[in-house]
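Here is a short briefing on one protein model. It covers the sheets and the pockets.

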Amino acid sequence: MGPRICFFEDEQFRQFFPLTYLRPVYCLRAGILPLFRRAERYFERPEISLSARHDLAAMVTAEHRDYPVNIIQRQEHQAVLFLNGRIRSYGSILEALAGARLVTRIVGRDSELIGVFFPEEFTADVPKVATPEQYQAVYAANRVDVSVAETDASLYNWCWDLVSDIDQEIAADFAFLQDKSRNPQHVKVYSGAYTIKPEQIHLGNNVEMLPGSLIDASRGPVYIGDNTRIESQVAIYGPCYVGPNSILVAGKLSGSSIGHTCRVGGEVEESVFQAYVNKYHAGFIGHAYVGAWVNFGAMTTNSDLKNNYSAIAVSVGGTMIDTGSIKVGSFVGDHTKFGIGTLLNTGVKIGVCCNIFGGTLVTDREVPSFKWGNSAGYQTYRFDQAITTIRRTAERRAVTLTQDEVSLLQKLSEGQINEHGILSF
């Protein structure tokens, strides 16, 4: 029997703002699957629980109904493994667990905490149905006897780390999911639609490829989710993922992970769109991570490369961090809207619920949440006005905003960031 796995957040979730204001870090992704589901590639049919900040728990439960949130229900004689939600590479974790007989800290490069393992001898001190905090108490009580296992596993530390892994993670997730995919139904590839290396292409149920569209998987696999429509003059170059219920219109999509229910046109390169993103018009978005419910006005474009080809620095909480990369785009929080002709400088971060006017270059390194304007000056975007727009946007996709989401957004508009539920081992 494998261990019950519980993904948790540590205090470094702040390093992924604005993307982690409204979701735990383990719900981000680089490939097809969110980070926590990568465990399925390493453990056979793993039983997974999620430890969430308490303000986020209801939203996480609603989005991931198959996974208990803030509850760990183990079986008799079952070990429990806590894994850091920022996990990037599993490395030699399984080997480290093989002979563990004590509560064990699993550390990776630079002594980063990858996880904590509770063998069955120690889970007996915890009820079969327990909270993550009860395991944390057992860890504290046994701190003197805790063992340390060194591994070559690693963690994500910054938003741009996720973007840099897109190609390899789409390929890895594709290989994993292809083994489990059934033959899709009602796929329509019209005459005049073209595919290159079709064995590396997955088209889900009810996918349509219209004449004049192209999917080229010669450089990496392409996974198209159910009920997605690929219109004429769309070119998709793998590795690429497009989530279910999406529409692709004229343009080029390459090396990107597009979440469910998105509308995408123009050019998108090496970027992640979380979900419900509307980029229907011409314009370029590259090497970016975009939260949910973001709208790009026509011709909105971000820079992802300096003219002098030097490494790009990104502001994280007011501190400039050298990414070590010459290709870094934008990081955009949920529910933010861009007017037509908006231009975004390299490495900018835009908070949640911003309304950025078009026709100018945004040069601010970080734009706080709930701001209205552009680099010439910002006003506070009043919560009552913002929530009205958010409701209207959701209704256009037949989604009803929950009171939990409204409450969380209101807290964020007031500058409240509740860390209750963060685990510390």
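In what follows, Ala, Val, Leu, Ile, Met, Phe, Trp, Tyr, Cys and Pro count as nonpolar; Asp, Glu, Lys and Arg count as charged; the others, Gly among them, count as polar. The model is predicted.

**Largest pocket**
- The lining of the largest pocket divides into 14 nonpolar, five polar and six charged residues.
- The largest pocket holds about 580 Å³ of space. Of its 25 lining residues, Met 59, Glu 63, Tyr 276, Trp 293 and Glu 405 are the closest to the centre.
- Helix H1 (57-63) and helix H8 (403-413) each supply at least two lining residues. H1 gives the most, with five.

**Second largest pocket**
- The volume of the second largest pocket is about 460 Å³. It is lined by 18 residues, and Ile 32, Pro 34, Arg 37, His 64 and Tyr 241 are the closest to its centre.
- Its lining has nine nonpolar, four polar and five charged residues.

**Nine-strand sheet**
- Nine strands form an open sheet with parallel pairing, in the order S13-S16-S19-S21-S23-S26-S31-S34-S37.
- Strands S13 (201-203) and S37 (366-367) stand at the edges with a single partner strand each, so one side of each has no neighbour in the sheet.
- S13 and S16 (residues 222-224) run parallel and are joined by three bridges. Ile 201 has Val 222 in S16 as its bridge partner.

**Three-strand sheet**
- A parallel open sheet has the order S28-S33-S36.
- Its edges are S28 (301-302) and S36 (361-362); each has a single partner strand, so one side is left without a neighbour in the sheet.
- Two bridges join S33 (residues 343-344) to S36. Leu 344 has Val 362 in S36 as its bridge partner.

Key. Residues numbered from 1 in each chain as written. Predicted model: local features only at pLDDT ≥ 70, side-chain atom pairs only at ≥ 80, totals over all residues. Heavy atoms only, no water. Pairing = 2+ DSSP bridges. Helix = DSSP H or I, 4+ residues; strand = E, 2+ residues; numbered from the N terminus. 1 Å grid on protein atoms, 1.4 Å probe; cavity = no way out; pocket = protein on both sides within 12 Å on 5 of 7 lines; lining within 4 Å. Points joined across faces, edges and corners; volume = space filled by probe spheres on them.
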